[in-house]
Amino acid sequence: GEEAREKYLGGKKPELAKKNPCINLPYLIDGDLVVTQSNSILLHLGKKLGIDKDEFFIHNHQALDQAMDLRNDTMKIVYPFAGAVKTKEEFPAALRSHMDTCGATHLAKLEGFCVGLFMCGPVPQSSDFHVFEILDHHIAMCEEQGLPFDMSAYPKLHALHKAMLAEPRLAGYFAAECYTEYAFNNPAYSYFVGKGYKGDFGPTVDVVRGMSAPSKSKKGGDKSMAAKMGAMSKEEKERAKLIAKVVKEGGKKGVEIEGAADMGGLEFFCTTIESPDGDVELLQMAMTGMNAPADPDNSEERKGCSGRVGKMIFSAGVHQLAMVAYVPDVTAEKVPIGEWLAAVIKDVGGEVVMEPNAADSPDGGLVAAAVVKADPDAGKFPLKDKDSAMASAFAFLRSKDAFPEQADDDDDDICFGDDAFDGIDDL
């Protein structure tokens with residue numbers, strides 16, 4: 001409120017302006033350096049903490065700018081200063097209009113620009129923190145006002161939001177009062193502060209935090225991970241461990257597929273991923289792991305690298321069979337992903353749960369997903385359906401001359417079946 005304005009404008013701003021004439025809120029002091037403006041601070045922290053990768057710089061910067069465009073339009077309805085919304089009573093209608101017009105436009109741009117699982121690829125960059133926060137902001141606003149916000153219309157942004165919430169290294173933040181109790185916006189002026197905020201303004205205080213790049217163990221891990229995992233609930237720990245297991249299994253199978261492609265000219269492949277246990281979201285993460293580029297910082301343990309190979313992967317659980325299809329740009333005309341998945345669904349009686357959209361792969365392409373629900377009374381069991389679905393997937397590939405016909409008279413033919421990589425978890 002006014003106390004904060006007086007302390008900043010009358011005290012700190014003139015002194016900070018001596019170091020940075022562009023001074024504004026927010027600002028960050030890092031030694032003798034004063035950084036101002038949200039995106040500049042995020043970029044500085046991304047570099048300082050070893051989060052941002054140089055190869056993603058332009059994409060990351062554009063994602064930050066697009067998130068800021070959405071934020072700026074959001075500020076026009078949550079504060080009275082722009083004159084668009086003059087009273088709190090006008091806010092619900094303004095939010096509804098925002099979600100139908102400029103908000104939807106910005107979200108569609110971010111959705112299209114998201115490589116997946118995060119904005120720039122398989123690992124979060126500084127832009128993902130901004131995108132997550134503004135998504136969180138909109139989810140909370142719509143929830144409080146009882147407005148629908150169908151995140152399924154933005155599947156990549158939905159996956160990003162869920163992935164950030166599930167990130168073990170952020171568990172401490174999500175459990176802290178700065179996330180659970182702080183206001184989204186300035187309570188003295190805003191029409192929306194969030195349900196977690198209960199109190200009045202206290203006195204303005206300075207917050208000091210140490211900053212350093214995360215320490216790495218010999219295997220490249222974060223030494224503080226164990227401590228951070230300790231702050232998670234049992235369910236969160238189990239989910240985080242399962243995600244890591246799924247991505248690891250996908251990465252291992254991916255590099256094996258890369259080897260097979262190098263030896264036999266393989267363009268397409270079908271296989272099983274066990275660890276998702278029929279969870280289609282986890283199976284998508286496995287696909288991302290299979291397609292991920294090699295990590296230049298971990299040359300000893302190569303993972304993924306099979307983005308150039310089209311794939312359909314399957315995971316059978318108790319309640320359903322999950323299927324995820326992927327076709328890279330180079331073979332998109334040869335095997336249209338929609339036709340491929342539709343042919344398999346027709347044979348086993350499944351349903352599409354994710355229409356074809358941009359894949360998280362250095363080779364581009366599309367990804368789509370489907371499930372087949374178990375129905376014991378009708379004799380439908382996921383394990384049985386998995387075999388039928390895989391046979392159908394291979395049959396479609398052969399009909400497109402995208403997978404070799406089996407030949408009994410040639411011992412040199414490479415036969416890639418579901419059990420080709422059995423025992424891979426023991427490697």
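In the predicted model, Leu70 touches His98, Gly103, His106, Leu107, Leu110, Ile134 and His138, leaving out residues up to four places away in sequence. Leu70 is located in helix α3. With a relative accessibility of 0%, Leu70 counts as buried. The C-alpha atoms of Leu70 and Lys109 are 10.0 Å apart, although the two residues are separated by 39 positions in sequence.

One of the residues touched by Leu70 is His106, which belongs to helix α5 (residues 102-113). The relative accessibility of His106 is 9%, and since buried means under 20%, His106 counts as buried. Beyond residues up to four places away in sequence, His106 touches Gln66, Asp69, Leu70 and Asp73.

Helix α3 (residues 57-78) also packs against helix α6 (residues 126-145), where the two axes come within 8 Å and cross at roughly 25 degrees. Angles under 35 degrees count as roughly parallel, and α3 and α6 are therefore roughly parallel to each other. The crossing in which α3 passes α6 is left-handed. On the α3 side, the contact is made by Asn60, Ala63, Leu64, Ala67, Met68, Leu70, Arg71, Thr74, Met75 and Val78. On the α6 side, the contributing residues are Ser126, Ser127, His130, Val131, Glu133, Ile134, His137, His138 and Met141. Sorted by class, the residues of this contact comprise ten nonpolar, seven polar and two charged.

Helix α6 has a further packing partner in helix α2 (residues 38-48), with the axes 8 Å apart and an angle of about 135 degrees. At this angle α2 and α6 are therefore oblique to each other. The contact brings Asn39, Leu42, Leu43 and Gly46 of α2 together with Ser126, Phe129 and His130 of α6. Three nonpolar and four polar residues take part in the contact of α2 with α6, and no charged ones. Ser126 and His130 are listed in the contact with α2 and also in the contact with α3.

For the protein as a whole, 14 helices and seven strands are assigned. Of its 427 residues, 42% count as buried. Among contacts between residues at least 6 apart in sequence, 66% join residues at least 24 apart.

The largest nonpolar core contains 52 residues, and those with the most contacts inside it are Cys270, Met312, Phe314, Met323, Trp340 and Leu397. At least two residues of this core come from each of the helices α11 (234-264), α12 (280-291), α13 (337-348) and α14 (382-399). The strands β3 (268-272), β4 (310-316), β5 (320-327) and β7 (366-373) likewise each supply at least two. Apart from this core lies another, of 38 residues, which includes Ile77, Tyr79, Val85 and Phe91.

Phe314 of the largest core is in contact with Cys270, Thr271, Thr272, Ile273, Leu283, Leu321, Ala322, Met323, Lys386, Ala389, Met390 and Ala393, when neighbours within four places in sequence are set aside. Two of these core residues, Cys270 and Met323, are also listed with Phe314 among those with the most contacts inside the core.

Two of the helices that supply this core, α13 and α14, pack with their axes 9 Å apart at an angle of about 140 degrees. That angle makes α13 oblique to α14. The crossing of the pair is right-handed. From α13, Glu339, Trp340, Ala343, Val344, Asp347 and Val348 take part in the contact, and from α14, Asp385, Ser388, Ala389, Ser392, Ala393, Phe396 and Leu397. This contact of α13 with α14 consists of eight nonpolar, two polar and three charged residues.

Several backbone features occur in loops. The peptide bond from Leu25 to Pro26 is cis, with omega near 0 degrees. Pro26 lies in the loop between α1 (2-19) and β1 (27-30). Gln37, a residue other than glycine, has a positive phi, near 80 degrees. The loop between β2 (33-36) and α2 holds Gln37, which is partly exposed with a relative accessible area of 39%. A positive phi, near 70 degrees, is also found at Cys305, likewise a residue other than glycine. Cys305 sits in the loop between α12 and β4. Its relative accessibility is 12%, so Cys305 counts as buried, whereas Gln37 is partly exposed.

Definitions and conventions
Residues numbered from 1 in each chain as written. Predicted model: local features only at pLDDT ≥ 70, side-chain atom pairs only at ≥ 80, totals over all residues. Heavy atoms only, no water. Core = buried A, V, L, I, M, F, W, Y, C linked by side-chain atoms within 4.5 Å. Buried < 20%, exposed > 50% of the residue type's maximum accessible area, 1.4 Å probe, protein only. Helix = DSSP H or I, 4+ residues; strand = E, 2+ residues; numbered from the N terminus. Contact = heavy atoms within 4.5 Å. Axes fitted to C-alpha atoms, helices over the stretch in contact; angles between N-to-C directions. Parallel < 35°, antiparallel > 145°, perpendicular 65-115°, else oblique. Left-handed = near helix turned anticlockwise from the far one by under 90°. Nonpolar A, V, L, I, M, F, W, Y, C, P; charged D, E, K, R; others polar.
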